Every structure is written in C-alpha cells, then in structure tokens.
Amino acid sequence: MTDEKAQQSFDYIIVGGGSAGCVLANRLSADGQYKVCLLEAGQRDWNPLIRMPSGLIPLMRGWHNWKFWSEPQPHMGGRRFYQPRGKTLGGSSSINAQVYIRGHASDYDRWASLGCSGWSYEEVLPYFRQSENYEPVSEPRDQRFHGKGGPLNIAERHSFNPLSRAFLDAAQQAGLPHTNDFNGAQQEGYGVLRSYHRNGERCSNAAAYLRSAEQRPNLTVITGAHATGVLLENGRAVGVRYRRRGHDRQVRAAREVVLSGGAFNSPQLLLLSGVGPREELARHGIPLRHELPGVGQNLQDHLDLYLVTKAKTRVGFSFHPTSWPRALLGLFLYAFFRRGYLTSNLVEAGAFVRSLPEEPVPDLQWQFGAVVNAWHGLRLGPVFRHYGYSIVINDNRPLSRGQVGLHSADPLAPPLIDPNYGAEGREIERLVRGIKLARKVLAQPAFDPHREVEMAPGASVQSDEELRHWVRHNAESVYHPVGTCKMGLDALAVVDPRLRVHGLEGLRVVDASIMPTLIGGNTNAAATMIGEKGAAMILEDALGSAASGEAALAA
Ligand SMILES: Cc1cc2nc3c(=O)[nH]c(=O)nc-3n(C[C@H](O)[C@H](O)[C@H](O)COP(=O)(O)OP(=O)(O)OC[C@H]3O[C@@H](n4cnc5c(N)ncnc54)[C@H](O)[C@@H]3O)c2cc1C
C-alpha cells in the first residue's frame with residue numbers, strides 16, 4: 001500500500017528503503033501482524049537504467065544519487081573524493097555495480113571476537129543463504145554456502161566479454177590459484193564474478209524484497225520522505241519527523257524506529273536528533289538528548305585504483321564511434337530478449353590475492369572490466385576515445401579511520417564526510433604491491449592480441465617512490481563506507497549486538513553502518529545479511545516481549 005495519509009501510526013518505522021531497509025520492510029510485514037512504514041527520501045525506482053545492468057555508468061553521475069563529496073583528504077593530495085549513494089527504492093543496490101561478494105569468513109569471526117556475539121561466519125551464514133536464490137552456474141558449487149528460493153537472485157550474466165576470458169587465462173598463466181566460488185570455501189584466487197541479476201536485469205534489493213511486499217495492506221511505503229529527526233520521549237524513540245514536498249510531517253511508532261539510511265545518513269540522522277558526541281552537537285547548537293561519543297566515528301572504506309591498458313582490439317565496451325553500430329544491436333538485444341552486452345555490469349571477472357605471502361588472508365581484491373575505466377565512469381572522455389581494459393585494485397584491509405559529522409544543523413544539508421584516506425602509509429604500500437602484481441598478470445601472453453599500451457599508471461611510473469606518489473594522487477573510493485554506528489560493547493559502540501542503540505529504547509540501526517570493521521569485499525551482500533539478521537532479531541524480541549507480557553498477566 002502506498003498512501004501516506006492512510007495511517008500515521010505504525011508498529012515499526014524504517015528510515016531508508018535501501019539494501020537493508022528493503023529486507024526489513026519485507027520481513028517485518030510478512031505475517032501481517034505488524035503495521036510497518038518505510039520512509040525513503042528518494043523517488044520510486046522506475047528509471048529503466050536501474051534495471052539495465054550496464055546502466056550503472058549514467059547512474060554514477062546522475063539520477064537517484066545523493067552525490068556526496070568528502071572533505072579534502074590531506075594524505076591523498078588534498079583531493080575531495082566523490083561519494084555516490086543510491087537515493088531511490090533499493091538505495092545503493094539500485095545504482096551499484098551488482099558484484100556479488102560476501103567478504104572473507106574471517107571478517108565475521110573477527111566481529112564475534114570483538115564482542116559481537118552471534119555474528120561469527122557460522123552464525124551469519126544462514127542469513128546469507130536465506131537471502132539468496134543462487135541460480136545454477138556453469139562451475140561446480142559447494143551448496144553448503146548457498147541458498148535456494150530466497151528473494152535475491154544471484155546469476156551468471158547473459159554475456160561474457162572476450163577480454164574477461166583473457167583475464168582469466170592471464171591469471172592462470174601468472175600462476176594465481178583458481179577459485180570456483182569467491183563466496184564458498186575458498187575466497188582466494190581468480191575467477192568469474194557472480195552478480196545480482198535476474199533474467200538479464202539488475203536484481204536490486206527493491207526488486208528482490210519490496211515489489212511483492214508492497215501489495216500487503218500492512219506495509220506503507222512513502223517515497224520522497226526525507227527523515228529529519230527521530231522523536232524521542234523519556235529515552236524512547238516514538239516516531240520520526242520527515243519533510244515531504246516542503247511540508248514537515250510525523251509518523252509514530254508503537255514498537256520501534258529502525259534507521260537504515262546507510263553509513264553516511266544514519267549517523268547524520270542520529271546527530272540531528274541530539275544523539276552523539278557532546279562537542280559535535282554543541283558546535284551546531286543541537287540540544288543533547290543522549291550522549292553517544294561513537295556516532296559518526298570509525299568510518300572505514302576501501303581505497304581503489306585502476307590499471308588501465310589501451311587495447312588494439314575492438315571487443316571491449318567503448319563509446320568510440322566505431323562501437324555505435326554494436327551499441328544499437330546491444331540495445332535491440334537488451335530491449336527484446338534481455339541478451340547482449342548491455343546485460344553486463346562491466347565487471348565480469350576478478351581475483352582475491354595476498355600482496356605478501358605472510359598475509360593471513362587475501363588483502364587485495366581485483367575487479368576486471370573490459371573498459372577504459374577512468375574514475376569509475378565519471379570521466380567519459382577516454383571511453384569515447386579508446387577501447388581497453390582495466391583492473392580495479394582495492395585495498396581490502398584499510399587501517400585508516402575517518403568520521404561522519406555535520407556541516408550544519410540543517411537536516412537537508414549533506415553530512416560532513418572525512419574518511420581520512422591514506423593516513424596509514426601501510427595501506428599505500430599495499431596498493432603499490434598490488435600494482436606490481438597486477439602488472440605481471442597484464443603482461444601474460446593471454447593479453448598479447450589485445451595489449452597496446454598501459455595508460456594508467458603509465459610506463460613512466462615504475463619506481464616504488466613514483467608508484468606511491470601516483471597512488472596518493474589517483475586512488476579513489478570504491479564506495480564501501482561502513483562502521484559509523486558500529487556494533488559492539490566498547491565506549492565507541494553505537495549499537496549492541498542486537499543492533500539496539502545503546503542507552504535508548506525502541507531504536508535500532510540496521511544497515512552497513514553497524515559493521516565494526518570493514519569486510520574484505522564488496523558490501524551489499526553483507527548489508528543484506530544485516531537486514532535479514534536484524535529483522536529476525538526484531539521479530540524475536542517482539543515475540544519475547546509478548547511472551548513476557550502474557551506471563552505478567554498470568555501472574
Ligand atoms: C556506485 C556504487 C557501486 C557499488 N558497487 C557494489 C557492488 O558491485 N557490490 C556490492 O556488494 N556493493 C557495492 N556497493 C556498495 C553497496 O551497494 C552498499 O554497501 C549497500 O547498498 C549499503 O546498504 P545500506 O542499506 O547500508 O545503505 P543504502 O543501500 O545506501 O540505503 C540507504 C537508503 O536510505 C535512504 N535515506 C538516507 N537518508 C535518508 C533520510 N534522511 N530519510 C529517508 N531516507 C533516507 C537512501 O536514499 C537510501 O535509499 C556500491 C555502492 C555504490 C554507491
């Protein structure tokens with residue numbers, strides 16, 4: 001049901017219809033017992049570019065995107081970093097690159113060892129499985145790790161570029177181990193990346209979880225509703241204030257308010273509501289409602305950079321005029337059959353590697369694209385001029401910690417984002433080693449028919465000193481911010497392991513911001529799992545309080 005006037009009082013209010021928020025909206029409304037309201041600042045996800053896997057390039061620059069920028073980063077040449085975030089139903093899962101990766105099993109065991117009981121890999125695996133419909137794929141798969149019949153469709157894409165094939169061959173020639181399944185028993189190695197696709201289209205979390213749930217009479221979805229504050233009464237969250245079409249409105253929650261605005265917006269909303277570090281609130285004249293020093297702290301993200309090679313063959317993705325006839329054919333095939341190269345998310349193969357043999361787990365991730373990747377498609381000039389291919393190298397084990405704060409008390413102003421990239425020289429060294437390793441793969445015979453010249457970093461950038469300088473002046477974010485409402489029990493923890501905000505009643509955070517440490521891989525699968533586990537805990541707690549209410553009555 002989609003009518004904001006129909007009911008203004010709910011059992012649960014979810015702020016943010018993104019990756020985690022869509023899961024919550026579905027699971028909390030499933031048995032019809034609770035009235036659920038989902039508030040989403042963006043509009044509906046009707047844009048056909050969201051469905052088309054290769055539509056991610058225009059979405060990076062344009063619609064349905066908060067288009068944030070970081071503060072200037074002193075350790076990275078003083079540059080501001082672009083921080084796209086989805087602003088529509090599905091959130092960032094509606095604009096992201098659709099790469100399906102869970103991270104390394106040890107990432108979750110580390111959370112458990114930090115005091116987050118219930119979050120070891122063995123304990124979160126059932127929620128990953130529950131979220132999945134893992135389509136049969138061409139390579140053998142260990143079914144212990146995968147689910148059937150879940151909402152999120154994981155598939156092989158409908159096209160595979162010859163350059164991606166060359167990457168797989170080159171990785172083998174360079175002696176890298178092979179893995180059938182980055183999300184199975186062995187993350188390490190090179191292989192084919194799976195994606196969030198269904199029948200040749202993007203399967204965002206809105207498509208997976210929300211579409212069918214929206215028909216339920218007990219779920220109200222309000223789009224264009226920008227939450228501006230959590231209503232707190234006597235230490236309890238009782239509702240949410242939001243602005244829609246220039247008017248301020250309120251919705252009340254009888255049970256809980258759940259924040260799922262993502263790693264930048266959830267801490268911002270807590271701060272705007274008077275929940276956070278005392279000094280930060282005082283600086284903006286916001287009355288302190290509940291002191292919680294960790295709100296907005298502990299920001300972690302993956303830095304990445306691209307090794308780009310210009311190709312002499314014309315098989316990759318390009319906007320070069322010679323590719324236009326193929327693009328027309330691609331449009332035809334996509335429009336009528338959901339086939340052809342526009343069904344690709346451009347990142348088809350990859351690898352997880354160790355930059356040093358003594359690293360306990362892979363500390364670098366490579367994502368291969370058959371395209372001249374310049375700033376994740378934000379600079380399109382090179383894509384119009386050239387054919388080529390790129391390895392995007394992520395530092396999977398960042399050590400720097402940044403923060404999210406406020407620019408002002410204006411709830412519609414963007415949050416202050418200061419990731420503090422590159423503060424730890426060791427992560428720059430890791431990326432330097434990553435370039436050297438990737439260059440070895442790109443030099444293999446499998447690429448001989450295609451290779452023309454290295455465009456980035458370029459032949460002139462060779463010594464460690466030159467590479468370090470190049471990394472600091474060219475690395476970007478790969479858009480995996482987490483950690484700003486971290487889960488735990490220490491002084492900077494914002495939520496406990498059941499995702500309840502410390503010291504307040506009726507308020508949880510359920511999204512990527514609760515990760516205490518960044519996982520080694522892309523973050524959408526983990527955000528989805530957090531939504532699944534968060535929903536299960538909310539329902540369990542509701543059952544528990546109903547049972548204790550009955551026991552009290554009986555006594
Ligand atoms: C360009 C890009 C590419 C990426 N590629 C990949 C990839 O290939 N694979 C992968 O696994 N991960 C990828 N990621 C990361 C992944 O998509 C995110 O980690 C994940 O979507 C985060 O989920 P979330 O629920 O925490 O937040 P989001 O999905 O961002 O959802 C937050 C939602 O809250 C809404 N919201 C925010 N503030 C308010 C407010 N005040 N009021 C109301 N609504 C609000 C937002 O509009 C949004 O819909 C990518 C991200 C980006 C941006």
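Reply: The mean pLDDT (the predictor's confidence in each residue, from 0 to 100) is 94, and 95% of residues reach 70 or more. Over residues 1-7 the pLDDT is below 50. This is a predicted model: local features need pLDDT of at least 70, side-chain atom pairs count only at pLDDT 80 or more, and totals for chains, interfaces and linings use all residues. Numbering starts from 1 along each chain as its sequence is written.

Now the helices. Helices (H or I, at least four residues) and strands (E, at least two) are DSSP runs, numbered from the N terminus. The axes of helix 1 (residues 19-29) and helix 7 (residues 205-213) come within 9 Å and cross at roughly 30°. Axes are lines fitted to C-alpha atoms, for helices over the stretch in contact, and angles run from 0 to 180 degrees between N-to-C directions. Helix 1 and helix 7 are therefore roughly parallel; angles under 35 degrees count as such, over 145 as roughly antiparallel, 65 to 115 as roughly perpendicular and the rest as oblique.

Which residues touch? Helix 1 gives Ser-19, Cys-22, Val-23, Ala-25, Asn-26 and Ser-29, and helix 7 gives Asn-205, Ala-206, Tyr-209, Leu-210 and Ala-213. Contact needs C-beta atoms, placed from the backbone, within 7 Å.

How values were computed
Two residues are in contact if their C-beta atoms, placed from the backbone, lie within 7 Å.
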